[in-house]
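Q: I would like to learn how to read aromatic rings in a protein model. Could we go through one together?

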Amino acid sequence: MTDITQEAQFDNFFALFEQPVQFDVNQSSLDQHLRLLQKRYHPDNVAKNLTDAAQAQQQSEQASALINQAYQALSAPDSRASYLLDMAGQAQNLEHSIADLDFLEDAMQMRIELDEAIEDKDRPTLQQLHPQITERLTKQSKRFSDAYQSKDWQTAIDATQKLKFLVKLNADVTTGLDEVATSEHSDDDDLYV
């Protein structure tokens, strides 16, 4: 039998997950394909097709790693944008610094507010920051999508750099909200000790 990792299109994450090559993806379809691929390349299923158990295990592990990498790349807007730029041969300037001083000032102010709110376990401030960050993520996602479609690579690169920063902020605010909720619930548990 041929190498199992060649059966699926592991060299194109969009094809692997049966998604069109574009910025907007259907998250529920992505999740569904993840489960199908995980099942298809599970060691028990791979072993049925190969007589060499060690080879089956190795191929299953390789496929699983690639499937997870592809899912991570496509499920987050910043990594999806980076992947699209890489596919278009335009990812070489992604590591340059953001030149938009207004964006940097706004983002740094949100970062300071976020760090203080997390430290102070300030749920109202965290709840206020979350939609602000989400709005900026939506704006930069649209900006990237429009620039990518029109092959305005400089704008697409700028939007991707901003998406990376905003995705990190969004993850941190979500983590902060979870930590505040956990600490509030742990205080409730003390009542029953």
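Q: What should I know about the model itself?
A: This is a predicted model, in which local features need pLDDT of at least 70 and side-chain atom pairs count only at pLDDT 80 or more, while totals for chains, interfaces and linings use all residues. Residues are numbered from 1 along each chain as its sequence is written, and side-chain values use heavy atoms, with hydrogens and water left out.

Q: How many helices and strands are there in the protein?
A: Helices (H or I, at least four residues) and strands (E, at least two) are DSSP runs, numbered from the N terminus. The protein has 8 helices and 0 strands.

Q: How do I read a pair of aromatic rings?
A: Such a pair is described by the distance of the centres and the angle of the planes. Rings of Phe, Tyr and Trp (its six-membered ring) pair if their centres lie within 6.5 Å; planes under 30 degrees apart count as stacked, over 60 as edge-to-face and the rest as tilted. By this rule there are 7 aromatic pairs. In one of them, the centres of phenylalanine 14 and tyrosine 83 are 5.8 Å apart with planes at 35 degrees, so the pair is tilted.

Q: Which parts do phenylalanine 14 and tyrosine 83 tie together?
A: Phenylalanine 14 belongs to helix 1 (residues 13–16) and tyrosine 83 to helix 5 (residues 77–87), so their pair joins parts 69 residues apart in sequence.

Q: Is phenylalanine 14 buried or exposed?
A: Buried means under 20% relative accessible area, exposed over 50%, partly exposed in between (1.4 Å probe, protein chains only). Phenylalanine 14 has a relative accessible area of 0%, so it is buried. Tyrosine 83, at 13%, counts as buried too.

Q: What about phenylalanine 23 and phenylalanine 144?
A: They form a tilted pair, 5.1 Å centre to centre with 55 degrees between the planes. Phenylalanine 23 is in the loop between helix 1 and helix 2 (27–40), and phenylalanine 144 is in helix 7 (residues 123–149), 121 residues apart. Phenylalanine 23 is buried at 4%, and phenylalanine 144 is buried at 0%.

Q: Which residues form one aromatic cluster?
A: Phe23, Phe144, Tyr148 and Trp153 do.
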